[in-house]
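Biologist: Could you walk me through how to read this model, feature by feature?
Modeller: Gladly; let us look at it together.

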Amino acid sequence: MPTPPDSAPVHAAARVIEPLYAEILRRNQGEKEFHQAVREVLETLGPVLAQRPEFVDARIIERICEPERQLIFRVPWSDDSGDIHVNRGFRVEFSSSLGPYKGGLRFHPSVNLGIVKFLGFEQIFKNALTGMPIGGGKGGSDFDPKGRSDAEIMRFCQSFMTELHRHLGEYTDVPAGDIGVGGREIGYLFGQYKRITNRYESGVLTGKGLGWGGALVRTEATGYGCVLFTAEMLRSQGDSLDGRRIAVSGSGNVAIYAIEKAQQLGATVVTCSDSDGYIVDEKGIDLALLKEIKEAGRGRVSEYAARRPEAVFVPGAGVWNVPCDVALPCATQNELHEADALTLVRNGVKAVAEGANMPTTPEAVRVFQDAGVAFAPGKAANAGGVATSALEMQQNASRDSWTFAHTEARLAEIMRHIHDSCYVTAERYGSPGNYVAGANIAGFELVADAMLAQGLI
């Protein structure tokens with residue numbers, strides 16, 4: 001087992017990283033989210049590179065930071081009026097060292113190559129941490145499903161899959177959902193894949209309907225997993241979620257099921273949000289009402305306050321000025337800034353766990369770490385979704401289906417494994433309690449060892 005390295009080798013390793021990062025910036029200009037994700041990982045790798053110089057000799061970092069394949073394609077489709085639109089589709093197949101590429105599809109106007117690369121890069125390490133045999137990838141389109149009819153979304157999905165299908169397969173690349181891609185979209189995508197290939201290849205997409213190859217708990221998994229990881233962080237400090245006050249941002253799938261699991265564990269969740277603003281409900285979020293508005297009606301959180309007198313809607317603002325014991329950012333990238341982190345620390349926050357992908361800016365992360373707040377990065381805390389996708393792939397491969405209780409127990413086991421791996425790795429490399437370093441190094445070592453074993457590929 002490696003011992004914490006001396007400072008001189010660590011500083012030498014850091015000097016190797018700086019020119020590598022400069023070259024990554026040069027070759028990937030304008031992709032600021034990708035730059036941020038790479039920087040956040042590289043800043044923690046000095047200790048492992050000092051202990052494992054073979055990773056430097058084999059240029060593992062350069063190889064990990066360059067996707068194995070980047071796909072960009074045209075997606076033409078017609079709306080209900082017969083007008084033609086052209087969107088751009090993406091799939092970045094980043095790393096297959098541990099298994100087939102695995103990662104979601106995001107349909108949102110903000111999607112561009114830099115966004116997809118940042119998500120795919122994070123997915124490499126997140127998927128490695130699960131302990132499941134899955135590589136890292138991500139995809140999507142700048143298509144906006146908001147306000148579109150089911151027929152329009154079906155036509156877009158069919159056009160998107162008509163191009164993408166040739167790159168997919170249960171042993172090649174297995175997409176899932178993400179922002180803007182839920183069960184409806186997965187259904188349309190799978191139907192078109194099946195139609196084109198003439199194969200009922202259940203394992204080629206995850207997040208499917210329960211009646212045709214889907215897995216119980218997949219809908220809940222990312223939110224549940226985030227809360228389960230948070231509970232493990234608090235347990236390591238002799239604490240628990242019972243009786244804690246929680247602030248959650250977002251009101252999509254991740255936020256809703258983070259709220260549900262937190263309530264099951266005895267916490268009171270007092271906030272949720274969307275792009276219009278946020279609500280505060282001091283009595284605790286009425287989850288049935290929130291699900292009715294967001295899942296059934298696809299409405300706005302302002303409707304929640306209009307229907308529940310105890311709640312207050314605050315337009316045009318984020319949730320982080322609301323005092324809480326635990327903060328769970330579950331909306332989108334870079335939503336929690338340095339000023340928000342300072343406010344949360346002043347208000348006594350004890351733990352922060354990322355339900356979304358990279359929702360906390362680097363400056364905010366430093367505030368939490370300097371204040372001794374337990375902070376869980378998304379690649380660890382929100383890995384429950386992809387872990388349960390891998391469980392869905394297992395069920396598809398064996399032509400089996402599992403109960404909710406069995407799958408949830410597997411999810412809890414995986415989240416404990418991820419927590420313990422991050423915790424032990426951080427201690428082993430001289431950064432006790434630093435879950436960012438622990439997650440990055442643990443995931444990196446798994447992928448790097450596989451790349452060394454498989455030769456120069």
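Biologist: By what stretch of helix are Phe 121 and Phe 125 separated in helix H6?
Modeller: Helices (H or I, at least four residues) and strands (E, at least two) are DSSP runs, numbered from the N terminus. Phe 121 and Phe 125 are four residues apart in helix H6 (residues 113-129), so about one helical turn separates them. Before we go on, note that this is a predicted model, where local features need pLDDT of at least 70, side-chain atom pairs count only at pLDDT 80 or more, and totals for chains, interfaces and linings use all residues. Residues are numbered from 1 along each chain as its sequence is written, and side-chain values use heavy atoms, with hydrogens and water left out.

Biologist: How many aromatic pairs does a search of the whole structure find?
Modeller: Rings of Phe, Tyr and Trp (its six-membered ring) pair if their centres lie within 6.5 Å; planes under 30 degrees apart count as stacked, over 60 as edge-to-face and the rest as tilted. Searching the whole structure gives 19 aromatic pairs. In the pair of Phe 121 and Phe 125, the ring centres are 5.1 Å apart and the planes stand at 75 degrees, so this pair is edge-to-face. There is also an aromatic cluster, formed by Phe 73, Trp 77, Phe 107, Phe 143, Phe 156 and Phe 160.

Biologist: Are Phe 121 and Phe 125 buried or exposed?
Modeller: Buried means under 20% relative accessible area, exposed over 50%, and partly exposed in between (1.4 Å probe, protein chains only). Both Phe 121 and Phe 125 are buried. Across the protein, buried residues make up 57% of the 457 residues.

Biologist: Which residues line the largest cavity?
Modeller: The search uses a 1 Å grid over the protein atoms alone: a cavity is a set of points where a 1.4 Å probe fits but cannot get out, while a pocket is an open set with protein on both sides within 12 Å along at least five of seven lines, and lining residues have an atom within 4 Å of a point. Grid points are joined across faces, edges and corners, and a volume is the space filled by probe spheres set on the points. In this model, one cavity of 30 Å³ or more turns up. The largest cavity holds about 40 Å³ of space, and its lining consists of Val 41, Leu 42, Leu 45, Ile 61, Ile 64, Cys 65, Phe 121, Phe 125 and Phe 444. Helix H2 (32-42), helix H5 (60-65) and H6 each give at least two residues to that lining, with the largest share, three residues, coming from H5.

Biologist: What is the make-up by class of the lining of the largest cavity?
Modeller: Ala, Val, Leu, Ile, Met, Phe, Trp, Tyr, Cys and Pro count as nonpolar, Asp, Glu, Lys and Arg as charged, and the others, Gly among them, as polar. The lining of the largest cavity has nine nonpolar, no polar and no charged residues. For the second largest pocket, with about 570 Å³ of space, 35 residues form the lining, and the closest to the centre are Arg 39, Glu 40, Glu 43, Thr 44 and Val 436. By class, that pocket's lining has 15 nonpolar, twelve polar and eight charged residues.

Biologist: Over which ring does the charged end of Arg 39 sit?
Modeller: A charge sits over a ring if NZ of Lys or CZ of Arg is within 6 Å of the ring centre and within 35 degrees of the ring normal. The charged end of Arg 39 is placed over the ring of Tyr 21, 4.7 Å from its centre. Likewise, the charged end of Lys 261 sits over the ring of Tyr 224, at 4.5 Å from its centre.

Biologist: Where are Asn 198 and Val 217 found?
Modeller: Asn 198 lies in the loop between helix H8 (183-197) and helix H9 (221-236), and Val 217 is also in the loop between H8 and H9. Asn 198 has a positive phi of about 60 degrees although it is not a glycine, and counts as exposed at 69% relative accessibility. Val 217, not a glycine either, has a positive phi of about 85 degrees, but counts as buried at 2% relative accessibility.
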